[in-house]
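Here is a short briefing on one protein chain, meant to be read with the sequence and the model side by side. Please look at both before going through the points.

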Amino acid sequence: SPLAAPAYAAGATIDVTSPAFTDGGAIPQKHAGKGVGDNVSPALQWTGVPDAKQLVLIMDDLDVPMPKPLMHTIAVLEPDLGGLGEGELKPGTTGVRLIKAFGDTYVGPRPIPGHGPHHYRFLVFALDQRIPDDVADHGALLAAMAGHVVARGALTGTYER
């Protein structure tokens with residue numbers, strides 16, 4: 001994963017949780033992608049965020065059969081947000097700006113049938129600078145984040161079909 005590079009390391013840890021599933025647990029079907037579930041983003045909370053200028057949330061699939069994980073959903077968040085309610089990872093939510101990834105809104109788990117369980121990470125990064133408004137895709141976002149992560153955390157859920 002590009003997110004394992006030293007440029008995205010942090011000295012502090014953010015605790016990321018959800019009332020929908022525990023870390024390492026199964027993600028409920030309602031949060032699975034179109035055609036599999038209702039494609040409703042799970043509620044997420046995070047604590048332990050130091051003084052930050054911006055937060056970034058990335059949901060990726062670690063088990064997609066590609067050279068690197070597939071980024072399903074990317075959102076730039078205002079630093080005063082302590083979480084998102086169920087279904088709030090979408091355009092129009094106050095304090096949330098979605099960046100083009102696999103889609104331009106929440107894209108829930110939808111692994112290849114029979115491929116086994118896939119691990120989906122909900123990563124939260126606290127940054128010491130803001131992400132410019134003209135950043136519109138994952139490559140530009142990763143470039144803007146590099147070297148500016150002050151804290152990070154992850155919640156990992158599984159989904160299989």
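In this predicted model, α1 lies across β4, β5, β7, β8 (118–127) and β9 (149–159), and α1 runs at about 55° to β5. Here helices (H or I, at least four residues) and strands (E, at least two) are DSSP runs numbered from the N terminus, contact means heavy atoms within 4.5 Å, and axes are lines fitted to C-alpha atoms, for helices over the stretch in contact, with angles from 0 to 180 degrees between N-to-C directions. Because the model is predicted, local features need pLDDT of at least 70 and side-chain atom pairs count only at pLDDT 80 or more, while totals for chains, interfaces and linings use all residues. Residues are numbered from 1 along each chain as its sequence is written, and side-chain values use heavy atoms, with hydrogens and water left out.

**Sheets**
- An open sheet of 6 strands has the order β1-β9-β8-β4-β5-β7 with mixed pairing, where two strands pair if DSSP finds at least two bridges between them.
- At the edges of this sheet are β1 (12–13) and β7 (96–99), each of which pairs on one side only.
- Strand β4 (residues 54–61) pairs with β5 in the antiparallel sense over 7 bridges, and L57 has A75 in β5 as its bridge partner.
- An open sheet of 3 strands has the order β2-β3-β6, with antiparallel pairing.
- In that sheet β2 (15–17) and β6 (83–84) stand at the edges with a single partner strand each, so one side of each is left without a neighbour in the sheet.
- Strand β3 (residues 44–47) is joined to β6 by 2 bridges, and the bridge partner of L44 in β6 is L84.

**Salt bridges**
- The count comes to 3 salt bridges, each being a side-chain nitrogen of Lys or Arg within 4 Å of a carboxyl oxygen of Asp or Glu.
- E86 forms a salt bridge with K30, and their closest N and O atoms are 3.1 Å apart.
- This pair links distant parts of the chain, with E86 in the loop between β6 and β7 and K30 in the loop between β2 and β3, 56 residues apart.
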